[in-house]
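Subject: Structure handover

Hello,

Here is the structure I promised to pass on. Please open it first, then read the notes below.

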Number of protein chains: 4
Amino acid sequence: MRKEVLTLAFARAVFVEFLSTLIFVFIGLGSALKWPSALPSILQIALAFGLAIGSLVQAFGHISGAHINPAVTIAFLVGNQISFPRALLYVLAQLAGAIAGAGILYGVTPANTRGNLAVNAVSARPCSSASSSALPPPPPPPPEPSVFWVGPILGACLASLLYFYVLVPYCMALSDRLAILRGTYEPEDDWEEQREERKKSMELTPP
Amino acid sequence: MRKEVLTLAFARAVFVEFLSTLIFVFIGLGSALKWPSALPSILQIALAFGLAIGSLVQAFGHISGAHINPAVTIAFLVGNQISFPRALLYVLAQLAGAIAGAGILYGVTPANTRGNLAVNAVSARPCSSASSSALPPPPPPPPEPSVFWVGPILGACLASLLYFYVLVPYCMALSDRLAILRGTYEPEDDWEEQREERKKSMELTPP
Amino acid sequence: MRKEVLTLAFARAVFVEFLSTLIFVFIGLGSALKWPSALPSILQIALAFGLAIGSLVQAFGHISGAHINPAVTIAFLVGNQISFPRALLYVLAQLAGAIAGAGILYGVTPANTRGNLAVNAVSARPCSSASSSALPPPPPPPPEPSVFWVGPILGACLASLLYFYVLVPYCMALSDRLAILRGTYEPEDDWEEQREERKKSMELTPP
Amino acid sequence: MRKEVLTLAFARAVFVEFLSTLIFVFIGLGSALKWPSALPSILQIALAFGLAIGSLVQAFGHISGAHINPAVTIAFLVGNQISFPRALLYVLAQLAGAIAGAGILYGVTPANTRGNLAVNAVSARPCSSASSSALPPPPPPPPEPSVFWVGPILGACLASLLYFYVLVPYCMALSDRLAILRGTYEPEDDWEEQREERKKSMELTPP
């Protein structure tokens, strides 16, 4: 557990998760505010979220993996891809980044624009994707915020289990799996091999 | 015929066709419903279909080929790219996946949104792509559902014959072609070779 | 001149130019018709043109280069990239493909949709790109159709000369350049070399 | 300082910065004019800016790096990626290109379209990106034009320092860093190495 956490690369990765989630929330929520000059369309909001996350993964993926979302990090943990300390610090960095991004947005937008949607979006749907904006107005009792926590994390974990254990499984000793979980696994050899193997299996070949 | 069908990879591929068609139909039809807050534009529906299929091919292409559409699978069969048992099970999985996807959508949407378009889309245009929504209101006798079966399959087969036998043909003994059709062809050697060859011929070189 | 023209690959390339221009014109003009259900927005038309040409280049680029446009073919000729017989037959195939695509579109659209824009677009702006639809209504004397011929061809040739002779020049004997023009140049060696060299020079390296 | 500046490749790079900025400003501002037939939506303007810069980087990136923006060039200088003479001439070429692009646009648009937005955009927000159009109408005293200079350059430099010195640092002797700044650094060896190293570190590997 000591090994991975104490590296400089680990600190960089955690910082990058903070920074990328900050930028993502700032752009995403900012694109969904009720701007007076032109109310953004659902297509516009959806493209803002999608292109933002695509650009962030391209820019930061090689440093931290660019999870940006606690559900993704927890799914990677469940899929035995990252260590527990890494997952814990990524999630904390993402939460701090999201709060910071929303806070900066709150500070730089005029009150009439900010007051309607940004606060609402932050309080009632913190983890919802852009497409959920297409839902009809919620019924009188608003959906519990927990919906936005339980749903994405459960779905991501299910997808991770399905992908890493059923669809594209790889054999590994239990001790190695535990070492990954603890962050003491030697990364240079293992990841290199796995990466090669996975790359090969992911080429688009006729089945 | 035994060989290919009995592998674990084959079962995974069939399951992935089921799952990807389910997701595709769920996203595609869901994007075309008459949401009360904002009626989706044709551009929005078209991008939802296009980006959904693009993402699914990227995620699942390396497992099953990500056909997602019976017309594509039948065209691959006609082009001598896959075995008959594979084509049969892919089509069955796709049909089951499409029904499951539409069923889930039916279950999670409110009645006033669902009642108008989802049912209509499911009953009258099961295989139509998003762009067909741009067609004018159909004349009094609505087009036969068979239009959505015969058209895409015929077009896909024609394209497959043109591509695999005229434009990018490759020489192969009849016995080998029959072995592909039966699923008894040794995949490791053959596909490897073909893949290399095809990759080479597909690089964008000046003619 | 005999050599290149008599190959099967040459016939395939010419046919592919015909087919891809047919599809491009069919999709492009079809996206710009005055559909009664929803008038397409300029963004929608622009994306239809752009995504259509992108998909066609991806599918057919390895067979013919996917010029699709006489201005592109003439620019490649001027840039000493293709032979004169190839350029001539490409342009003829493109013109035939464009007429065929517009004809099929004419046949399959209802009269009220087709009558307004398709004929207008075909007669007055045969080579215009989608973005030209954003121009204001033309002044009383409509622009000469020749504008749509002279403009794109002149611009493409200028770009080709700038690119192939100034920005990314390569040394070649005059006799070799003439052989390319006549189509008697040995393609296997030369293109292979040029391709490698050009690939290398086109990698995104810091200057 | 002599070495790099006197090469033909350097002259080409400076010219390409001029040309690409001209095209970018022409397309970007042109997409934001108040066209009478259909006022462009914010999504349309944003996609025009984004796709224009993406295409220009793809076409010209291998010649000059396709900075297109003084803020990007200054950030590369601060990040010790380019020489001072290169940065100086790039910025001059970009300013000249932007003025030329705006001038051509001014010349080819009708007065009623041009008069409203193009001049306004050029005078008040020369460096703003498309998304800034989503801002509410500015308060009575309009923002200083210096905002569009100080903001992007400061932000780009901060990002460059963060990226090149903290997130993806590389060790280099001070004398070498000064040689890069002066343009006397041997480019063939160094860039080749750095490129390989950076390429390797930028592959999307699990952390």
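Helices are DSSP runs of H or I with at least four residues, and strands are runs of E with at least two, numbered from the N terminus. The expected span of a helix is 1.5 Å times one less than its number of residues.

Some ground rules. This is a predicted model, where local features need pLDDT of at least 70, side-chain atom pairs count only at pLDDT 80 or more, and totals for chains, interfaces and linings use all residues. Residues are numbered from 1 along each chain as its sequence is written, chains are lettered from A and ligands numbered from 1 in the order written, and side-chain values use heavy atoms, without hydrogens and water.

Start with helix H2 of chain A. This helix covers residues 8-32, which is 25 residues. A:Thr7 caps the N-terminal end of H2(A). One of its side-chain oxygens lies 3.2 Å from the backbone nitrogen of A:Phe10.

Next, two spans of chain A. Residues 87-108 are 100% helix and 0% strand, with end C-alpha atoms 31 Å apart. Residues 147-168 are 95% helix and 0% strand, with ends 29 Å apart by C-alpha atoms.

Finally, two loop residues. A:Asn80 sits between helix H4 (70-78) and helix H5 (84-108) of chain A. Its phi is positive, near 60°, and the residue is not glycine. A:Asn80 is buried (under 20% relative accessible area; exposed is over 50%, partly exposed in between; 1.4 Å probe, protein chains only), at 6%. D:Ala66 lies between helix H3 (42-64) and helix H4 (70-78) of chain D. Its phi is positive too, near 50°. D:Ala66 is buried, at 7% relative accessibility.

Best wishes

Conventions. A polar contact is a pair of N or O atoms within 3.5 Å; within protein, one must be able to donate a hydrogen and the other to accept it, and residues adjacent in sequence count only if both atoms are side-chain atoms.
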